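Biologist: Could you walk me through a few contacts, step by step?

Modeller: Gladly, let's look at it together.

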Amino acid sequence: MGRHITRISPKAWLAISLGIWLVTLAGVRASAVSAPGQATPPAQKPAPVVNASQSAQPTPAFVGEDTCLTCHDGKKKGYEGSPHSVKNDPRTPAAKQSCESCHGPGGKHVEDPAKNPLVRFSKEKPEVINAVCVTCHNKGEHALWDGSQHERRGVSCVTCHSVHDFKSEFKQLKAKDQLVLCATCHRDKVAKTDRSGHMPVREGKMQCTTCHNVHGATNVRLLRKGDSPAELCTSCHADKRGPFLWEHAPVRDGCTTCHDPHGSTNERMLITKPPLLCQRCHVATRHPSTIYDALLLGPTTPAPSVRVYGRSCVTCHAAIHGSNHPSGQRFIR
Amino acid sequence: MRIKLIIASAALLLVPALANAQDPVKPGMTIGKVDFGVRGTSTTGDAARYERYRDLSDGLFLETARLGTQKNAWSFDFLGDHVGRKDQRLVGVVERQGKFLGYFMWDEIPMLMSRTTRTFYQGDVLNNGGVLQMSDAIQQAGQTNANNIPLLFTPENTTQFELRTDRHIAETGARFMPTNELTFNGLFRNTHRVGGIPYGGSYGHSQLVETVAPIDHTTRDADAGAEWAKSRYLLRAGYTGSWFTNENTTLTFDNPWRAVDTASASSRGRHSLPPSNSFVSVNGMGSVKLPGRSRATAFFSTGLLKDVGEAIMPQTANSITTGINPLERTTVEGEGKTMSMNLMFTSRPTNHLDFSARYRSYDYENRTPVFETFQRVSYDNAVSNSTTPIETEPFGMKRKMFDAEARYLPMTGTAFGVGYNYLDEERSHRVYESTTDHTVRVTFDTVGNRWFSVRSRYEYAQKRGAGLDEESLTSIGEQGGMRHMDVASRNRNRVTLIGIVTPVSTLAFNVSVAAGNDDYLESLFGIRDNNHRIYAGGVDWTPKDNMAFGASYSRENYMALSRSRQANPATPTGCVPLYPAPAGQATCQFDDPTRNWAVDTDDLVHSFILNADFTNLWSRVDIRVSFDTNRSLSTYHYITGSVPDRTLPEETPGLPSTLPDPTQLPDVKHNLDRGTFDFVYNFNRRIALGASYWYENYDVQDFALDAESTGNQARSNAVLLGYMYTPYTAQTGWVRLIVRW
């Protein structure tokens, strides 16, 4: 029997969402009240930006890396040997004030650590954290961070990266690889990479950033190449780029009309099985609008229909992405 | 094999010397790691699917090689993964940090689809050069009687082959920073893909043959750019070029049911394969920081897509067809021009308010001239002439999008946002001249809180088409009430919620919910609605620095309903296109709503993941264990007559169906279980011994692609390759030596 699917009206959606927000807001306000014995740290201004013109020698406001390490020796781990610690590169913290380049001058903190805490990236609000990191990381891959989808949703640099305690081999991520990291928020997309039809992501030949620039991009959906989803896809799948004599409209409009790029249980990562996929747009007479039910399946059926099994519609309509055959109107050649 | 032996031997020879090296790392010293050993795999069932994009063949392997050295301010690194294998990646990097980075990468990506595919076509089927031939005797037997085809499909008469492609990528690039402000970068990539993919071919509705399309593609990409950034300003210019070459732009394939050409039937067919092409674009971007923590960015790009001017292939491969007219032109003259613009403005004037606005436009001008013909040769068979022109439809589009959002931040880390998005799309040769999509969204985020974070979003969108051209549907025999899903009017509701609760610093619970529905309210035929419900939750626990545990579960449900009407034209004879028909007459099936049907598709997936990591146990042992399972169930439910709860006002509710009750399709199941165990014992900081074990179990029932349906490869009306979904159970075990220096 057909399933009964309850449709929720827009007003109901709004009411449910508003309810969730109100409950959460109440929780946020309650947690803002200090628990017994737990001091709320005073609001901190962002650490002063240390620019290259400042002397690398400790000034009265800066105490130097050695002083920091007398108490925070464990923070050498991860930092040492990382790009941040390369003194030869004048852009790095190591070439400037080392720890204090990012965490702020330590002069007063050394005198009274409790009263003069420095910037703690695990506790600061995203705008403060991002402001520190983009002092240097504001070009190339990161040029479009301001106003990007992640930035506007309160994702900070330390949501994904760690200077001192990273787990990945590349890019200092907080998880061992991108799949694990991105699954924190995009679980459904990562779960799709486990489907039978998938890109070689779980095999390690591709990763999320092969297609997406998570720091900001000019293309939609943070796609890193091209100016449309199709341009991104055809940067690798150039055989689908055309231009063709006979074009198939959804191919030109967007690959995701028919394919799920993250993964699918259907062959060729299609969003659903042919012929049902094709019948979503083709209802002409004869075979496009025929019901292909189980009576047409093999092997005992007298005349199993190849329109249901195997490659289905594209057994005949093989040139489905476009054709340059003079009689290719129906993509049969 | 010899290469693997050499590499493994070289690595082994390094061991005694390096194991004794106890000196601390000094500048100029080479550091690195090699991870090598021996591996074996045992598989029952579809070993090809287990491997797919990997090379898991038995024997010696060099899993990881990392070598690095520094001299003065320069560093030199080599990174190798799966060295010597079909899925290897080798990278060499030279860097002077802050000044120059250069690299070379060699990457191989196999795609193994099947080892059991079989075909009548002879020779090296994968490297067929665009020609597939079978023996004349088989063609003659098929021509005599189609029932001979399944009888002749025997190992003696067929070729078994490994269906695969291999992608080899050679890439080199450099980044040069002569000053802190200026960066030049360049990249060149050569991608060569060889092999074959399953393809189709037919000679009529009852003569279908699966073929192998040859893949011999080369894509050359060249990117170059310059960026200048100083103080508040950033300027960037870039060039992107991509040239695709296909060595086989046609595929000629013999017909199993015909040995000799006749005027109405051909002994072979000829496909058009993707054309060689190029796409070149240039772009420029400028960005400036403004007062009030604001930034304005402008991006422009323009590109040109062209084919290489190959001749259009002849109408038919049939040697004796006559009456073929010359084509109106000899080449495709394929060309498309793109123009794109992106303007962005963000501002944070106070600590409690921020704004963003974006305007994006994308134009694809299809400059391929319309191609007109008055003839068609279907299946390389007979010529069919038309009095009306048959014309191509060069699809083009113009997209304009405006987005604005404002956020109010009442307190640290908490933000309420309201946004609006307007998308206008004009398309040529589509059922709607244009569509507009209005979206309103609200967001609530609270982050940076020690106890929990929440990100939530709700959006409501309305898309409407304008300039409906219903005649473009009816003129090609489609129902006038059909609306193609990518342009159809629809209402959309979507909500997402992601929450993380951390009651203590070592424990985190996460939950996410996503739900949405698309209502294609004006579509009498085609997709009618599209819904999804996704629920996920998980926990991560790190009781100590050297232990981490995680568990997560997700449930995804995707549902869609689409409608159609089963009909044969001009049936019954003398019918009228009216419903209800006048007395004494019958309604044509095409116009008869009692022949409506719908299909309700439902994809439900459960995923469960468990993992545990132990590092530095007893100062020497690292253990990683993980298990994940994926259970997918797809159902396709046919409904004849009207559909409860989704009946349009125009549709007569309760109209009885005159179609026979369909026999429902079987459910489709894909179940995948994967387990991994990795153990490393560190003798000291230089030498470690490791053992790993992988387990995978894949179970599948798929009415379209399992052995029951496609196993019977040769029938009187179809010859298939035998590419199918087959269950497998696979285990891979390996022992490794890890050397670090």
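Predicted model: local features only at pLDDT ≥ 70, side-chain atom pairs only at ≥ 80, totals over all residues.

Biologist: What is the bridge partner of B:L208 in β33(B)?

Modeller: Strand β10 (residues 207-209) of chain B runs parallel to β33(B), and two bridges join them. For B:L208, the partner in β33(B) is B:A718.

Biologist: Is the aromatic pair of B:Y50 and B:Y728 stacked or tilted?

Modeller: A pair of aromatic rings is described by the distance of the centres and the angle of the planes. For B:Y50 and B:Y728 the centres are 5.8 Å apart and the planes make an angle of 50°. Under 30 degrees would count as stacked and over 60 as edge-to-face, so with 50° between the planes this pair is tilted.

Biologist: How many residues apart in sequence are the parts that this pair ties together?

Modeller: B:Y50 and B:Y728 are both buried. B:Y50 belongs to helix α2 (residues 47-51) of chain B, whereas B:Y728 belongs to strand β34 (residues 728-740) of chain B. The pair therefore ties together parts whose separation in sequence, in residues, is 678.

Biologist: Which residue has its charged end over the ring of B:Y50?

Modeller: The ring of B:Y50 also belongs to an aromatic cluster with B:Y698 and B:Y728. Over the ring of B:Y50, 5.0 Å from its centre, sits the charged end of B:R54.

Biologist: Are B:D35 and B:R736 buried or exposed?

Modeller: These two residues form a salt bridge, with their closest N and O atoms 2.6 Å apart. B:D35 lies in strand β1 (residues 31-45) and B:R736 in strand β34, both of chain B, so the pair ties together parts 701 residues apart in sequence. The relative accessible area is 3% for B:D35 and 11% for B:R736. Buried means under 20%, so B:D35 and B:R736 are both buried.

Biologist: And how does A:K176 count, with its 44% relative accessibility: what is the word for it?

Modeller: A:K176 meets A:D177 in a salt bridge of 3.4 Å, N to O. Its relative accessibility of 44% lies between the 20% and 50% limits, so A:K176 counts as partly exposed.

Methods. Residues numbered from 1 in each chain as written. Chains lettered and ligands numbered in written order. Heavy atoms only, no water. Pairing = 2+ DSSP bridges. Helix = DSSP H or I, 4+ residues; strand = E, 2+ residues; numbered from the N terminus. Phe/Tyr/Trp six-rings, centres within 6.5 Å; stacked < 30°, edge-to-face > 60°. Buried < 20%, exposed > 50% of the residue type's maximum accessible area, 1.4 Å probe, protein only. Lys NZ or Arg CZ within 6 Å of the ring centre and 35° of its normal. Salt bridge = Lys/Arg side-chain N within 4 Å of Asp/Glu carboxyl O.
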